[in-house]
Amino acid sequence: MSDAHAASYRARQVPAPVQVADGVWGIPIPLHGSALRYVTVYLVDTGDGPVLVDAGYDHPTCWASFQRSVESLGHRVEAITTVLLTHNHPDHVGFAARLREASGARIVMGRADDFATAHRTRGTFLAQLRAALDLTGAPTDVVDGMYADAVAVAEHHETLRLDVALDADTEFRFGDVTIHAVPAPGHTYGHTVYFDARGLVFTGDTMMAEGPTQLAIVSRPDDDPAGDLLRSLARIRGLGATIACPAHQFPYRDVAARADALAAFHRGEVDRVRDLARDGADAWTLAPRMPWRKPWDDLGRGTRRFSLMHTLALLRHVSR
């Protein structure tokens, strides 16, 4: 199941659609010009019609690729009844509204990630980012430069309207298929995973096959995405899933072991920040001393911004 996907991922290729389980297909959507290369959405065949988990990026090439893949699997885009969104990042909610226009599908996502709700309680993405950058202790010119970079690439309009906004665990029955929506904040504040009672969990960006989880932006005094993530990993571990279907990389087994390993990694990050922050250091001072994939001086400014946001989230957890 995952071998071909894993090989394609490591070879930096976009894999073909793959059957993950009976009636469940992973559909990679190319992200041209992005280091991520592709995002995987999942089509679930049910007695009430096809259900889609996540909706790629809002670009004509992504939409066209999705349509071709669905048709190649013997389904029709117009038959999709429901779109279950894991979170509100643009490579996940992208063509959800376009799909609703084409099929009448209802759109489901966690309420905290609903754009209208987020705008009332947190502000736009750029407003949240600016607030977080101002909390890091970085010099003004660094903050201004990182913010300007984000403005230059922020093409998402944040206008998607939900049909169902989730506030808690919710059970969906689609004919013979039961899918449980489980709140799993950490990567975003309204991130949701979807547990198919047949043993699959669609993990979005919370728990990929390899590497750490990027923590949510800290912009309010009560934010603690690192603590949220550790609780979410424990929750996912307890679901009893046998196959994890993440939005990036590739599906994999040993879900509980992966949850344990990822939790241990992030607890290790917290411990390192705790040790380094004993002298009251801020996130800007700590970030260069954290073990990133490359030395801090070799990171591009965009990667530094992500790393700085991640460090701020870890520091917030330590301070709490």
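User: In this predicted model, is Cys62 buried or exposed?
Analyst: This is a predicted model, so the answer is computed from its atoms. A residue counts as buried under 20% relative accessible area. Cys62 has a relative accessible area of 2%, so Cys62 is buried.

User: Is Cys245 buried or exposed?
Analyst: The cut-off for buried is under 20% relative accessible area. Cys245 has 1% relative accessibility, so Cys245 counts as buried.

User: How many disulfides does a search of the whole structure find?
Analyst: A disulfide is a covalent bond between the sulfur atoms of two cysteines. The search counts a pair of cysteine sulfur atoms within 2.5 Å. Over the whole structure, the number of disulfides found is 0.

User: How many helices and strands are there in the chain?
Analyst: Take the two kinds of element in turn. The chain has 11 helices, and its strands number 12.

User: What radius of gyration does the chain have, and what would a compact globule have?
Analyst: The chain has 320 residues, and a compact globule with that number would have a radius of gyration near 20 Å. The C-alpha trace spans about 60 × 40 × 40 Å along its principal axes. The value for the chain agrees with the globule value: it is 19 Å.

User: What share of the residues of the chain count as buried?
Analyst: Buried again means under 20% relative accessible area. Of the 320 residues, the share that counts as buried is 54%.

User: What share of the contacts with a separation of 6 or more comes from residues 24 or more positions apart?
Analyst: Start with the contacts in the chain that have a separation of 6 or more. Within that set, residues 24 or more positions apart account for 66%.

User: How far apart are the mean positions of the positive and negative charges?
Analyst: The chain has 33 positive and 39 negative charges.

User: Where does Asp54 lie, and what is its phi?
Analyst: Asp54 sits in the loop between β4 (51-53) and α2 (60-72). With 2% relative accessibility, Asp54 counts as buried. Asp54 is not a glycine, yet its phi is positive, at about 75°.

User: Which loop holds Gln249?
Analyst: Gln249 is a residue other than glycine with a positive phi, near 75°. Its relative accessibility is 7%, so Gln249 counts as buried. Its place is the loop between β12 (243-246) and α9 (255-276).

Definitions and conventions
Residues numbered from 1 in each chain as written. Predicted model: local features only at pLDDT ≥ 70, side-chain atom pairs only at ≥ 80, totals over all residues. Heavy atoms only, no water. Buried < 20%, exposed > 50% of the residue type's maximum accessible area, 1.4 Å probe, protein only. Helix = DSSP H or I, 4+ residues; strand = E, 2+ residues; numbered from the N terminus. Rg over C-alpha atoms; globule rule 2.2 N^0.38 Å. Contact = heavy atoms within 4.5 Å. Lys, Arg positive; Asp, Glu negative; His and termini not counted. Charge placed at Lys NZ, Arg CZ, Asp CG, Glu CD.
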